[in-house]
Amino acid sequence: MTPVMENIELIPPDPHTGLIYAQYEVAKEETYLDPIRAMISKDLSEPYSIYVYRYFLNQWPQLCFMALDEKPPHPIRAVIVSKLEHHRSGTYRGYIAMLATSSTHRRRGIGSHLVSLVISAMQARGADEVVLETETSNSASLKLYERLGFLRSKRLHRYYLNGSTAFRLLLYLREGAGTRILGGISLPEKVRVEKK
Amino acid sequence: MTDPEGLTEETARLNIDNDVTTTVDAAQTAAQQPAPVIVGNKRLWDITRQFREASSSLPTGRLIKDQNFTLFESVGALEIMDPKMDSGFLAPGETLYDTYDVLQELLPEEVIGIMDQIMCYEMAWHQGYPLSQTLFTSHYIDRLLWPEPKSLEDAQFDRQSTSNLAGKPMLRILRAYCIGLIKCCDLVIELILRSHYFEEEDFSTHTYNRDLFRRVELDNILPTLGEASDLVDQLAANENISRQQKDLIQAISDRIFLRRTVLIAFDSILLNKRKPEWSPVSNLVSAILDSHPLGKPVSQAFSQKIQRRLTSTVPPRPVVDLEFDEAMKLMKQLSDDCTAAYDVFQCISEGPEPLRSFLFAFSARKPEPLPYARSCVSEGVLARVELHFVDLFRKDLELLVLPDSVVLDPINWTIEAPLSSTPNPRYEMAQLIDSFTSKALPDFGGYMDFWRALTSNRCRLRRQLTHVILGLDELQREAEDMDSMLETFVDDADSNMEEPLFRWAYHQKLRVMQWIVQLGFELDVYLTDELAGMYWVLVSITRLRINILRTIFSFAEARHQIMSNSNMDGSNPRLKQVQKTIDFCRAQLALCEGTEALAEALYTLYTHLHYLHLLPNVASTEPYYDPTLRYEARMKPFLTLQEGFIMEMFGKWNSVIQPFGDFDRPDEDMSAKADGLCDIVETTARVARTAFSNLKGMGPAKMGAERIEHAWLADVNGHLASTIATQLSVSYLRTAIRKRKIRDVILEIPEPGKRHHGWWILPKISIKSS
């Protein structure tokens with residue numbers, strides 16, 4: 001079975017990886033949900049309930065991508081799960097919730113490619129920014145995102161249940177995101193200069 | 001909704017497969033139903049058929065999502081029959097609870113083993129993990145606390161048997177120890193709840209409906225521990241026991257004594273601000289570490305399954321295991337930090353600068369103080385009435401901009417509102433300062449928030465300061481109008497500085513901005529390719545601060561001169577006040593000038609390293625890399641401030657971070673520039689070194705840092721060492737350039753914790769030996 005890939009422009013990163021990329025589809029939950037869960041929960045100390053997966057996958061299937069082996073039955077090798085919503089700060093904010101690559105397929109740029117696909121999809125939908133959190137000790141993940149242009153915007157003390165600290169990573173996609181709350185950038189009326 | 005029949009709830013009963021019954025609120029569906037079944041005060045409708053019909057029309061995978069079902073709820077949701085989520089799920093042959101005989105008398109070595117395990121869980125809890133995953137896994141603690149005991153006597157391992165611990169001295173000792181421990185937890189929670197903290201992030205105060213002897217006074221707990229000590233003494237008095245047995249008894253005695261010491265210390269900070277006595281802890285910790293191998297672990301005395309009774313909605317989570325050595329290290333740290341924390345009570349009465357120095361130094365302690373110790377500090381700062389902040393705020397104004405000024409003369413506040421239409425200047429001044437104070441104090445991000453921020457964890461501190469600058473920016477706007485009003489009431493213009501309130505707010509804002517940037521370095525928030533730019537920002541902020549400080553300094557010096565000429569001697573309190581401002585400005589100027597110069601050195605050095613391609617410029621070739629957007633993202637906390645240079649840099653950021661054009665295709669011959677750039681680094685690092693040396697020579701008093709002299713000295717030495725390391729790095733770089741050995745340069749960027757000072761990230765340069 002070859003997954004349907006309409007409406008998505010796919011750029012195969014490297015023909016040698018032997019992977020095809022596909023957008024998630026709610027109708028194929030029976031095929032994909034379990035392998036996606038298995039892949040993601042492998043790295044988690046405490047599991048997410050199925051409602052967490054469905055929360056993202058059913059509301060934003062167009063922002064979830066899978067890297068599948070090109071050989072049938074196309075097992076999943078990597079997956080990215082995200083959402084896009086209006087944030088209380090006033091921005092239209094993309095959020096990458098989960099990214100996982102099977103241990104046999106790491107260090108091949110698959111994760112980066114998935115993130116790029118998601119950013120493009122978010123950008124096409126008018127996102128102002130993309131954010132995510134990652135453990136401060138996860139250097140592979142930090143490197144991946146920082147290479148794509150993400151900045152560390154905050155350090156979050158004991159962010160995870162297991163007590164580890166996180167960095168919030170941030171990528172602006174549109175000008176004015178930093179001051180959206182005020183309705184765009186406005187120069188101050190008067191710039192004060194200290195009298196000499 | 002209440003109806004005439006007194007039925008308070010309307011529910012529909014859903015009957016699935018005749019044996020599982022779920023009750024759902026379905027009043028609307030129920031309305032179509034013929035006759036409800038009445039059970040107690042509930043009316044029930046069977047909607048099984050409708051539910052089946054409705055659900056059969058849905059294809060698999062079609063999700064019906066309630067609008068109110070949020071991500072938060074989905075994360076909290078449980079999946080039945082998943083062993084990791086379903087708290088009632090049992091593997092074949094598994095029991096719901098572990099059985100453990102709490103009345104089985106223990107060996108002394110077992111009591112030691114259990115006490116030491118409890119200590120591990122206690123310290124894990126202090127780190128921020130919940131009681132359910134730590135102390136509440138103990139069968140003994142569980143039995144003492146549930147069902148809720150009506151009195152201390154009621155708190156028994158087994159309430160059924162009456163004289164259950166007779167003839168079981170080890171269990172009696174353990175019970176006393178556990179009771180002492182539980183009261184410790186209670187006192188810790190009480191203090192933390194009063195402080196500025198974030199649940200789960202800093203600490204977990206959840207007690208799962210267990211009362212931790214909140215109403216039992218310490219005076220009632222201590223005798224229980226005393227009885228345990230007596231029992232131990234009796235055992236030790238037996239002449240027939242072996243050397244080995246004596247050691248075991250001593251080990252138990254030490255543990256009881258530690259519990260008693262910690263308990264009294266936790267209690268005393270809550271009562272009358274009595275100084276907690278932590279000094280015995282250090283020796284006890286080493287003795288306990290030594291005797292730890294004597295203990296025998298009793299793993300069955302703890303069970304993860306107790307969590308099932310604590311909460312029904314959260315699946316059992318993994319028990320937190322902390323090594324005993326680590327736990328004792330934390331206990332020692334707690335005692336050191338709490339001892340240091342107590343100084344806050346003195347600092348607050350000494351004025352804003354001593355308090356600021358103290359809080360900053362305390363929050364910078366490494367390892368970072370535990371939440372309880374931070375709460376002790378918080379208790380000193382925040383548990384005070386607002387009046388103290390008013391006082392603190394006036395002292396803050398006095399020190400920087402209004403030394404010996406008529407504006408802050410206490411007499412002004414004693415003058416009543418004039419009855420005639422002619423204003424009384426003194427009365428008006430007091431009104432104005434009050435109005436300014438009320439604007440500065442309570443607002444979100446205001447002066448009180450600033451002090452609150454200084455008691456939070458280091459990561460929060462940086463983020464909370466970004467709120468504080470917004471408040472200060474607003475205050476700065478207000479200050480301009482107030483200054484012009486103030487001017488009309490002050491007739492003796494020479495003795496008062498121009499625009500004092502504006503200057504105070506602006507200086508405070510710049511100071512906080514400077515800290516935000518510096519904490520960014522410390523917390524590793526900036527990427528390597530941002531360092532040059534962020535040091536440039538630091539230069540810009542400190543330069544503005546230096547301008548204000550110099551203006552204030554000149555004013556205060558001139559004022560001092562006039563006062564001295566009018567035969568005031570040095571001991572005159574008015575003169576002393578002005579002198580204090582001079583001293584403070586002088587020390588701050590040295591610190592700022594050193595900071596400005598070293599930041600400039602590093603800006604130049606990092607920029608140079610980029611042109612030499614010695615630094616990774618990780619993202620510059622990526623499609624999503626955009627310098628302007630990056631600048632906007634990085635400057636977000638500052639974007640809405642009325643701060644010229646931040647806005648001016650929009651679109652010009654590239655000229656700051658790439659002053660000679662693209663790193664790969666510079667506009668100028670970079671090899672011709674190399675020596676000149678090294679010269680700049682060397683010169684500015686030397687300027688910084690001189691400034692920091694001057695500061696060191698002045699000593700801590702001028703900055704109000706006498707109480708934290710060691711920390712202050714370590715801080716200044718860290719700055720100094722950073723200037724020296726910068727000079728060293730640039731000399732290696734110059735050598736490499738001259739010998740054309742750039743390819744052999746090894747460059748390291750030290751991680752946090754491996755730096756001379758957290759705020760200075762220095763490239764370490766060496767040359768590969770060929």
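The sulfur of Cys184(B) lies 6.8 Å from the closest cysteine sulfur, that of Cys185(B), which is too far for a bond, a disulfide being a pair of cysteine sulfur atoms within 2.5 Å. By this rule the count over all chains comes to zero disulfides. This is a predicted model, in which local features need pLDDT of at least 70 and side-chain atom pairs count only at pLDDT 80 or more, while totals for chains, interfaces and linings use all residues. Residues are numbered from 1 along each chain as its sequence is written, chains are lettered from A and ligands numbered from 1 in the order in which they are written, and side-chain values use heavy atoms, with hydrogens and water left out.

**Cysteines**

- Cys184(B) is buried, with a relative accessible area of 1%, where buried means under 20% relative accessible area, exposed means over 50%, and partly exposed means in between (1.4 Å probe, protein chains only).
- Cys459(B) also counts as buried, at 5% relative accessibility.

**Chain A: elements and strand pairing**

- Chain A has four helices and seven strands, where helices (H or I, at least four residues) and strands (E, at least two) are DSSP runs numbered from the N terminus.
- From the N terminus on, the elements of chain A follow the order β-α-α-β-β-β-α-β-α-β-β, and of its 196 residues 55% count as buried.
- Strand 3 (residues 76-86) of chain A has nine of its eleven residues buried, so this strand is largely enclosed by the rest of the structure.
- Strand 2 (residues 65-69) of chain A pairs with strand 3 of chain A in the antiparallel sense over four bridges, two strands being paired if DSSP finds at least two bridges between them.
- Within strand 3 of chain A, Ala78(A) is the bridge partner of Ala67(A).
- Strands 2 and 3 of chain A form a hairpin with six residues between them, and in its turn His74(A) has a positive phi of about 55 degrees.
- Strand 3 of chain A also pairs with strand 4 (residues 92-101) of chain A, in the antiparallel sense and over nine bridges, and in strand 4 the bridge partner of Ser82(A) is Ile96(A).
- The hairpin of strands 3 and 4 of chain A has five residues between the strands, and there Gly90(A) takes a positive phi near 105 degrees.

**Salt bridges**

- The structure holds 59 salt bridges over all chains, a salt bridge being a side-chain nitrogen of Lys or Arg within 4 Å of a carboxyl oxygen of Asp or Glu.
- Glu29(A) forms a salt bridge with Arg54(A), with the closest N and O atoms 2.6 Å apart. Because Glu29(A) lies in helix 1 (residues 29-41) of chain A and Arg54(A) in helix 2 (residues 50-59) of chain A, the pair ties together parts that are 25 residues apart in sequence. Glu29(A) counts as buried, at 9% relative accessibility.
- Asp186(B) forms a salt bridge with Arg214(B), with the closest N and O atoms 2.8 Å apart. Asp186(B) lies in helix 6 (residues 169-194) of chain B and Arg214(B) in the loop between helix 6 and helix 7 (218-237) of chain B, so this pair ties together parts that are 28 residues apart in sequence. Asp186(B) is buried, with a relative accessible area of 3%, whereas Arg214(B) is partly exposed at 38%.
- Asp529(B) forms a salt bridge with Arg630(B), with the closest N and O atoms 3.3 Å apart. Asp529(B) lies in the loop between helix 19 (500-522) and helix 20 of chain B, and Arg630(B) in helix 22 (residues 627-634) of chain B, so this pair ties together parts that are 101 residues apart in sequence. Asp529(B) counts as buried at 11% relative accessibility, and Arg630(B) is buried with a relative accessible area of 10%.
- A network of salt bridges links Asp675(B), Asp679(B), Glu682(B), Arg734(B) and Arg738(B).

**Helix 20 of chain B**

- The 35 residues of helix 20 (residues 531-565) of chain B should span 51 Å at 1.5 Å a residue, and its end C-alpha atoms are 50 Å apart, which agrees; the expected span of a helix is 1.5 Å times one less than its number of residues.
- Helix 20 of chain B is followed by Asn567(B), whose phi is positive, near 65 degrees.
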